[in-house]
Amino acid sequence: MFFAVVPAHNEEKRIGSVVRSLFNHVDKVVVVNDGSKDNTAIVAKEAGATVLSHVVNRGQGAALETGHAFARQHDADYVLHFDGDGQFDVCDIAPALAHLKKQKADILFGSRYLDNRSKIPWFKRCVVRPIAKYIVDRPFTGLSLSDSHNGFRILTKHALSCIHITQDGMAHASEIPYLTKTCGLSYVEFPVKVVYYEYGQSSLAGFKIIKDLFVGRFIR
Amino acid sequence: MKTIILFQLFFILFALFAIVSVHKRKKDQSLGTKGAFFWTCFWLCSALFVIWPESTSIVAEKFGLGRGADLILYSSVAIIFFMLFRMHIKIEALNRTITKVTRDTALQKESQKKV
């Protein structure tokens with residue numbers, strides 16, 4: 001079984017089309033409605049998704065881990081992480097899964113920097129990315145990924161059993177490569193297209209990620 | 001001089017009130033033995049330093065500092081930073097507990113739908 005886990009917070013405008021488009025590529029779509037104030041849960045359910053609702057907003061990392069827990073309970077073979085705002089292209093799913101199987105890796109990381117399909121804002125590409133890569137990701141994760149903060153990932157059952165996300169916020173994107181390394185999982189990167197509807201995370205969010213990663217090291 | 005004496009009097013009363021609060025908290029088990037011991041010592045020492053200000057200079061000299069006021073300032077800043085850090089860790093741990101409860105509730109609701 002191939003599960004798609006879609007964290008969603010106030011995404012009623014786009015979640016319906018995202019869920020419908022995913023059904024052509026995965027067996028089950030799990031939308032984790034992360035304390036939305038709008039009709040995200042209703043729209044996702046009408047589109048055919050299994051909806052898990054957080055009563056309060058806990059962050060993207062927490063929502064993904066809820067999806068993981070559900071996938072573990074239902075013995076999923078592969079789990080896809082896919083954003084609920086429609087910024088990813090579903091056409092990337094099948095080739096990415098084929099690549100993961102071919103390489104016999106445990107986890108696949110999507111990357112918007114491996115081809116030229118994504119129109120990345122220059123500030124993000126030229127300033128935020130190098131800082132994030134060399135100051136945050138390499139020291140904290142120990143892996144050298146071209147785009148660790150890309151929400152497109154595919155995990156095998158083995159990776160799913162090893163990776164338990166504890167970072168509730170956006171720092172989960174650094175925690176996953178860190179756990180990949182510490183659990184000795186094999187990984188591959190794959191080019192994916194990212195469409196920017198909004199700018200995404202603000203540059204200041206990076207400081208919160210560093211703080212969360214630092215504090216997280218002191219919690220058992 | 002009168003102001004200093006009045007300040008000393010108020011501080012001693014406040015320290016006594018704080019020590020009584022610490023023991024009340026220890027009694028209702030919202031504070032552990034170590035915590036109660038630390039806070040009792042803290043308020044006793046504070047009262048001692050206020051009653052006998054020169055004593056800080058004696059301790060400061062042993063640490064290589066000139067003035068007792070400097071010793072109090074440096075150690076206060078260090079203690080406050082340490083406590084802030086600990087509080088931050090505790091808040092983060094509490095956040096994780098809230099997330100766990102939220103997750104379990106979400107999963108439970110979904111499994112109940114199927115029954």
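**Note on the predicted model: sheet, helices and chain contact**

1. In helix α7 of chain A, the buried residues are H172(A), A173(A), S174(A), E175(A), I176(A), P177(A), Y178(A) and T180(A). The helix spans residues 172-182, and eight of its eleven residues are buried, so the rest of the structure largely encloses it. The model discussed here is a predicted one.

2. What covers the buried residues of α7(A)? The cover includes the helices α3 (60-73), α5 and α8 of chain A, together with the strands β5 (107-111), β6 (153-156) and β7 (187-191) of chain A. After α7(A) comes G184(A), with a positive phi near 70 degrees.

3. Chain A has an open sheet of seven strands with mixed pairing, in the order β3-β2-β1-β4-β6-β5-β7. Its edge strands are β3 (50-54) and β7 of chain A, each of which pairs on one side only. From one strand to the next, the twist averages 20 degrees. As background, the strands of a sheet pair through backbone hydrogen bonds, and the pairing is either parallel or antiparallel.

4. Strand β1 of chain A (residues 2-8) has six of its seven residues buried, so the rest of the structure largely encloses this strand. On one pairing, β1(A) runs parallel to strand β2 of chain A (residues 28-34), and six bridges join them. On another, β1(A) pairs in the parallel sense with strand β4 of chain A (residues 78-81) over four bridges.

5. Although β3(A) is an edge strand, four of its five residues are buried, and the strand is mostly covered.

6. Where does the sheet contain an antiparallel pair? β5(A) and β6(A) run antiparallel and are joined by three bridges. In this pair, F109(A) stands opposite R153(A) in β6(A).

7. Helix α3(A) lies across β1, β2, β3 and β4 of chain A, and runs at about 155 degrees to β1(A).

8. Two packed helices are described by the angle between their axes and by the distance between the axes. For helix α5 (residues 122-141) and helix α8 (residues 205-216), both of chain A, the angle is about 15 degrees and the axes are 11 Å apart. That angle makes α5(A) roughly parallel to α8(A), because angles under 35 degrees count as roughly parallel. The crossing of α5(A) with α8(A) is left-handed.

9. Which residues meet where α5(A) and α8(A) pack? A132(A), V136(A) and F140(A) come from α5(A), and they meet G206(A), I209(A), I210(A) and L213(A) from α8(A). By class, the residues of this contact are six nonpolar, one polar and no charged.

10. The last point concerns the two chains. How many residues of chain B are in contact with chain A? There are 14, and they are in contact with 17 residues of chain A. The side of chain B that touches chain A has four nonpolar, five polar and five charged residues.

Note on methods: Residues numbered from 1 in each chain as written. Chains lettered and ligands numbered in written order. Predicted model: local features only at pLDDT ≥ 70, side-chain atom pairs only at ≥ 80, totals over all residues. Axes fitted to C-alpha atoms, helices over the stretch in contact; angles between N-to-C directions. Helix = DSSP H or I, 4+ residues; strand = E, 2+ residues; numbered from the N terminus. Parallel < 35°, antiparallel > 145°, perpendicular 65-115°, else oblique. Left-handed = near helix turned anticlockwise from the far one by under 90°. Contact = placed C-beta atoms within 7 Å. Nonpolar A, V, L, I, M, F, W, Y, C, P; charged D, E, K, R; others polar. Buried ≥ 20, exposed ≤ 12 C-beta atoms within 10 Å, placed from the backbone. Pairing = 2+ DSSP bridges.
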